[in-house]
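Q: I'd like to learn how to read the features of this model one at a time. Could you walk me through it?

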Amino acid sequence: MPEVNLFEEANRQLIICNACRYCEGLCPVFRAIETRRDFDKGDVFYLSNLCHDCRACYYACMFTPPHEFAVNIPKMLAEVRLETYRRWSWPDFLAECFKNRAITVILASIMIILVVGLALLLIPTNALFSAHLGPGAFYEVVPYLAMVTGAMVLFFYAIAIWLRGGSRFWSETSSFVNKQGGINALGAAILAALGVRYLQGGGPGCSYPDERPSTVRRTFHNLTVWGLAADFVSTTLAFIYQDFLHLLPPYSLTSAPVIFGAVGGIALIIGTTGLIWFKAKSDSDPEAPAAVGMDYVFLVTLGVTALTGMLTLMLRSTAAMGTILVLHLACIAALFATAPYGKFVHLVYRTLALVRYEMEQRQPQQHVDD
């Protein structure tokens, strides 16, 4: 749908919701709708990123298709959300990833082929396909500097894109918020994001994969989020062990980096597999097809990265370690390279939307006429 028509349609549906208010207790989106009389682009941008796609409103609504009003808030906000991702991304040709999943798949494939190709070209055969034991075993296959340099370049590139996008989100969704919410608003937003508080569909759970409320999506989402967090802790601890305590990997199975990494890896595998499984079974009526494709690419890339990480741990004392390590690093490169152009970005914009929501809730006066 062209951009102008998209926002005209969004405004039409939101005005209907504001007049009806049957869903006002379901989630923050409807509480934010009630503070507005009409909806400009900034409002629609904000509401689309505040939406957690729990779909409770779709199944509660009496005006969904085939009713002539044809209200489908989850699908409409998902389409707008994709447009905001594209609008706030950079460069423009990679921002098209949000409209065309083939570009993301090609980008991920290029990174995997590049890493594997360089490994085959630069790593001696006896190093790549031999067993390595003792401290520094991983670095006998891939030098530490090569690992860190590539990861840091991709990581900070993603951070730069997210900061740019976050700044544009904050600027374009300023609306009528004119008073700081303070540390309380920030704290409440972070807690809501970490606990996925609004994946409850008004209380009993998301209407997912069908109209029956269920906590299954929130459970697998939490496994994925906290699995990522555990792996981040593992990586940070490994950095401390090596660069401050001068202890080289691989570490013992009872060490903190390995425990956090293993727990995180298992949680990620279970979480991504569960989300993929239930997404495949979910009702297609309230979803935007382009958003579904984005979700699949992200979940598969993240799940395969976690799987190769676990295999690296399990096979680290065998001759297969070098091959699996290279594949794991290739998957990490693909994940980092596609992070600014896929589902990962919702972490940035949804958290900022929650911060703005908490600020709005602390406003003594809401919408003011010009």
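Q: In which helix is Ile-240 found?

A: Ile-240 is found in helix 11 (residues 216-243). Helices here are DSSP runs of H or I of at least four residues, strands are runs of E of at least two, and both are numbered from the N terminus. Before we go on: this is a predicted model, so local features need pLDDT of at least 70 and side-chain atom pairs count only at pLDDT 80 or more, while totals for chains, interfaces and linings use all residues. Residues are numbered from 1 along each chain as its sequence is written, and side-chain values use heavy atoms, with hydrogens and water left out.

Q: Is Ile-240 buried, partly exposed or exposed?

A: Buried means under 20% relative accessible area, exposed means over 50%, and partly exposed is in between (1.4 Å probe, protein chains only). Ile-240 has a relative accessible area of 34%, so it is partly exposed.

Q: How many salt bridges does the count come to?

A: The rule wants a side-chain nitrogen of Lys or Arg within 4 Å of a carboxyl oxygen of Asp or Glu. By that rule, the count is 12. One of them pairs Glu-172 with Arg-168 at 3.3 Å, N to O. These two sit 4 residues apart in helix 9 (residues 144-172), about one turn of the helix.

Q: And what links distant parts of the chain?

A: Take Asp-295 and Lys-279, whose side chains meet at 2.9 Å, N to O. Asp-295 is in helix 13 and Lys-279 in helix 12 (residues 256-281), 16 residues apart, so the pair links distant parts of the chain. Both of these residues are buried. There's also a network: salt bridges that share partners join Arg-36, Asp-43 and Glu-360.

Q: What is the phi of Asp-53 near?

A: The value is near 60°, which is positive in a residue other than glycine. Asp-53 is found in the loop between helix 3 (41-50) and helix 4. With 14% relative accessibility, Asp-53 counts as buried. The side chain of Asp-53 also meets that of Arg-55 in a salt bridge (3.5 Å, N to O). Another case is Ala-70, with a positive phi of about 50°, in the loop between helix 4 and helix 5.

Q: Which peptide bonds are cis?

A: Look at Trp-90 and Pro-91, joined by a cis peptide bond with omega about -10°. Tyr-208 and Pro-209 are joined by another, with omega about 10°. Pro-91 is in the loop between helix 5 and helix 6 (92-95), whereas Pro-209 is in the loop between strand 1 (206-207) and strand 2 (213-214).

Q: How many cavities of 30 Å³ or more does a search of the whole structure find?

A: On a 1 Å grid over the protein atoms alone, a cavity is a set of points where a 1.4 Å probe fits but cannot get out; a pocket is an open set with protein on both sides within 12 Å along at least five of seven lines, and lining residues have an atom within 4 Å of a point. Grid points are joined across faces, edges and corners, and a volume is the space filled by probe spheres set on the points. The search finds 3 such cavities.

Q: What is the volume of the second largest cavity?

A: About 110 Å³. Asp-53 turns up again here, among the residues closest to the centre of this cavity, along with Cys-27, Cys-51, His-52 and Cys-54.
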